[in-house]
Each structure stands twice: as structure tokens, then as C-alpha cells.
Amino acid sequence: MKKYLYIALAAAALTSCSSDEVMETVEKQAIAFGNPFIGNSTRAADKTYSGETALTKFNVYGTVKGTGATTPVAIYTGNEVTGTVGANSTWTCASNKQYWIDDAEYDFEAVVDADNVEVTNGMPSKLTYTTTDTGSKDLLYAENLTPTVGEKVAFEFNHLLSKAWFTVKSNTANGYKYNVKNITVANYANGTYTINGGTWAPGTAKNISFGNVDAVTSDNSGLTNETQMLLIPTTTDFDVTFTVELYYNDKLVETKDYTSNVTTDLLKGYSYN
């Protein structure tokens with residue numbers, strides 16, 4: 001019976017089981033998802049992906065392997081799961097309702113904001129990502145490879161990108177101020193993340209713009225630019241370029257271009273000021 005029920009659910013054909021018997025079983029065991037949790041502090045500039053806040057949807061992948069089976073069957077293929085975070089919230093996949101099978105083995109993985117997902121054996125194996133001009137698109141990944149049949153599937157997401165922004169300080173004499181223009185970081189326009197191994201393969205080089213920090217004087221403790229960018233992690237040196245305008249009593253005195261080589265690795269899930 002369990003063998004036929006498994007085939008019926010996986011293949012959507014009610015073979016060798018009466019409709020009444022199948023419905024009586026599955027209505028009590030619909031697969032549901034718990035509140036997603038964000039596991040570290042990096043977040044997009046215009047989102048608040050931290051703790052259990054802000055996330056309203058993710059894409060789920062899942063496979064099931066019945067008793068005695070050797071090959072898992074895909075039951076979720078990047079389907080969208082939606083919900084609202086709350087103490088007793090249930091997140092649902094409205095487009096693809098699935099049901100628990102007793103004694104079966106399940107694997108689940110979830111992704112947020114990938115441009116493309118390469119799938120191997122029903123599960124994500126590589127994620128591609130393209131940097132946005134506003135730096136506001138995050139990339140999150142989670143897995144639950146040991147779910148308890150009949151309970152909500154829980155995900156703890158981790159950030160796969162690095163976040164960076166700039167603070168400018170001055171120790172000049174009274175009457176002087178700086179405008180720091182066109183701050184750019186030599187990073188990557190796109191890249192591919194391999195889940196097995198947790199490594200990034202950066203793609204095309206790109207100058208990422210962070211905008212300006214104006215009116216920096218010794219009267220303030222430092223000014224931070226409003227642009228916070230999410231970048232593809234890299235373990236190679238990169239250049240920061242910018243133009244400095246020096247003013248005295250609001251009159252332009254000098255303009256000079258600078259390039260600074262940075263040796264700090266950009267690691268996934270970390271923020272850099």
C-alpha cells in the first residue's frame with residue numbers, strides 16, 4: 001500500500017488506491033514551512049533581512065525517496081513559498097501542494113533572489129547572480145536535509161554576498177572641507193556560487209559605483225555615504241578609486257584623483273566599512 005501511495009503522490013496518479021482512502025491520509029499530512037530565519041547580519045540597503053524579519057517569499061526545492069527506493073523524486077522544483085513572519089505562521093506553496101509520506105526520506109533546500117539555479121538530482125547545485133546598480137538585491141541559501149515528517153520545514157538562510165560602504169573623516173583646519181566624488185570598487189558584474197564546496201567563481205569585471213560623500217569637515221566625526229552595496233565575494237586584491245575636491249571657505253582649491261589598492265578579502269556574509 002505504501003509503495004502505491006508513494007507512486008500516486010509523486011506521479012499524481014492515484015494508482016491502486018481508492019480516492020477516499022488517499023484523501024483521508026494526505027489531508028492530515030500536508031507539507032508546510034515554518035518561519036525562515038536569517039543566520040547572519042549582512043543585509044541589503046533597502047531590505048532588513050536579519051533575524052526573522054522582512055522575508056516574505058523564497059523558492060523551495062525538495063525531493064522524496066520512499067521506503068526501498070534508490071532514486072529520489074523531485075516534489076518541489078523552485079516553487080515559490082510565501083508567508084508573513086509571526087509566532088505561529090505557516091508558510092505555504094500555493095502552486096504546488098504536497099503531502100508527507102510516512103517512512104519516506106526528504107531533502108529540502110531554499111533560495112532567495114538567484115538569477116538562475118542549476119539543478120542536479122532535483123536539488124540546487126549552482127546559483128548565478130548579477131550585481132545591481134543599487135546594490136540592493138541579496139542572495140540567500142538554506143537547506144534542511146533532516147526534516148521531521150509531519151512537522152513544519154524550517155530554514156535558516158545564510159547570505160552569500162559581501163556588503164560594503166564608506167565613511168570619510170577629516171582632520172583639516174577650520175574653513176576647509178572635502179567632497180569625495182565617484183567612489184568605485186573594482187569588483188564583478190556577475191558570478192556563480194557552487195553549493196557543494198561553498199565557493200564563488202567571479203565573472204565579468206565591473207566598476208561598482210558607491211556615489212559621493214560631500215562636505216566632510218573636521219567638525220564631524222565622519223560622514224557615511226548612503227549607498228551600501230552587496231558585492232560578489234573575492235579573495236583577490238581590488239582597487240578603490242575616487243576624486244577628492246578640497247574647498248576653503250567654499251572656494252574650490254584643488255581636485256585630485258586617487259586609487260587605493262585594498263588587500264582585505266571580501267567574505268560571504270560579512271560587512272565592510
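# Close-up views of a predicted model

**Figure 1. The lining of the largest pocket holds 10 nonpolar residues, one polar residue and three charged residues.** The structure shown here and in the legends below is a predicted model. In total, 14 residues line the largest pocket, and the space within this pocket comes to about 310 Å³. Val168, Val180, Phe242, Val244 and Tyr258 are the lining residues that lie nearest the pocket centre. Four strands each contribute at least two residues to the lining, namely strand 10 (167-168), strand 11 (176-188), strand 17 (238-248) and strand 18 (251-262). Strand 17 makes the greatest contribution, with four residues.

**Figure 2. The largest nonpolar core of the model consists of 24 residues.** Within this core, the residues with the most contacts are Ile31, Phe33, Phe58, Tyr106, Phe108, Phe155 and Phe157. Two or more core residues are given by each of strand 2 (57-65), strand 3 (73-82), strand 4 (105-112) and strand 7 (140-144). Strand 4 provides the largest share, amounting to four residues. A separate core of 15 residues lies apart from this one, and its members include Val185, Phe210, Val216 and Leu231.

**Figure 3. Ile31 and Phe157 are two of the residues with the most contacts inside the largest nonpolar core.** With neighbours up to four places away in sequence set aside, Ile31 contacts Ile75, Tyr76, Gln98, Tyr99, Trp100, Tyr106, Phe108 and Val153. Of these partners, Tyr106 and Phe108 also belong to the residues with the most contacts inside the core. Phe157 is located in strand 8 (residues 156-159). Phe157 is classed as buried because its relative accessibility is 0%, where buried denotes a value under 20%. Leu140 stands 17 residues from Phe157 along the chain, and the C-alpha atoms of these two residues are 5.8 Å apart.

Figure 4. Asp113 is not a glycine, yet its phi is positive, at about 70°. In general, most residues other than glycine have a negative phi. Beyond residues up to four places away in sequence, Ala114 touches Leu127, Thr128 and Leu139. The C-alpha atoms of Ala114 and Tyr193 are 9.9 Å apart in space, although 79 residues separate them in sequence.

**Figure 5. Asn121 occupies the loop between strand 5 and strand 6 (123-130).** Asn121 has a positive phi of about 55° and is not a glycine. Is Asn121 buried or exposed? Its relative accessible area reaches 69%, so Asn121 is exposed, the limit for that class being over 50%.

**Figure 6. Glu226 is placed in the loop between strand 15 (223-224) and strand 16 (229-231).** Glu226 counts as exposed because its relative accessible area is 80%. Gly211 lies 15 residues from Glu226 along the chain, with 8.3 Å between the two C-alpha atoms.

**Figure 7. Residues 1-26 and residues 40-53 are stretches in which pLDDT is below 50.** For the chain as a whole, the mean pLDDT is 83, and 84% of the residues reach 70 or more. For residues 40-53, the model contains 48 contacts beyond four places in sequence. Where pLDDT is low, predicted coordinates should not be read in detail. The chain that contains these stretches comprises 273 residues, 40% of which count as buried. Its secondary structure includes two helices and 19 strands. Of the contacts between residues at least 6 apart in sequence, 66% join residues at least 24 apart.

Terms used. Residues are numbered from 1 along each chain as its sequence is written. This is a predicted model: local features need pLDDT of at least 70, side-chain atom pairs count only at pLDDT 80 or more; totals for chains, interfaces and linings use all residues. Side-chain values use heavy atoms; hydrogens and water are left out. On a 1 Å grid over the protein atoms alone, a cavity is a set of points where a 1.4 Å probe fits but cannot get out, and a pocket is an open set with protein on both sides within 12 Å along at least five of seven lines; lining residues have an atom within 4 Å of a point. Grid points are joined across faces, edges and corners, and a volume is the space filled by probe spheres set on the points. Ala, Val, Leu, Ile, Met, Phe, Trp, Tyr, Cys and Pro count as nonpolar, Asp, Glu, Lys and Arg as charged, and the others, Gly among them, as polar. A nonpolar core is a set of buried Ala, Val, Leu, Ile, Met, Phe, Trp, Tyr and Cys residues joined through side-chain atoms within 4.5 Å. Buried means under 20% relative accessible area, exposed over 50%, partly exposed in between (1.4 Å probe, protein chains only). Contact means heavy atoms within 4.5 Å. pLDDT is the predictor's confidence in each residue, from 0 to 100.
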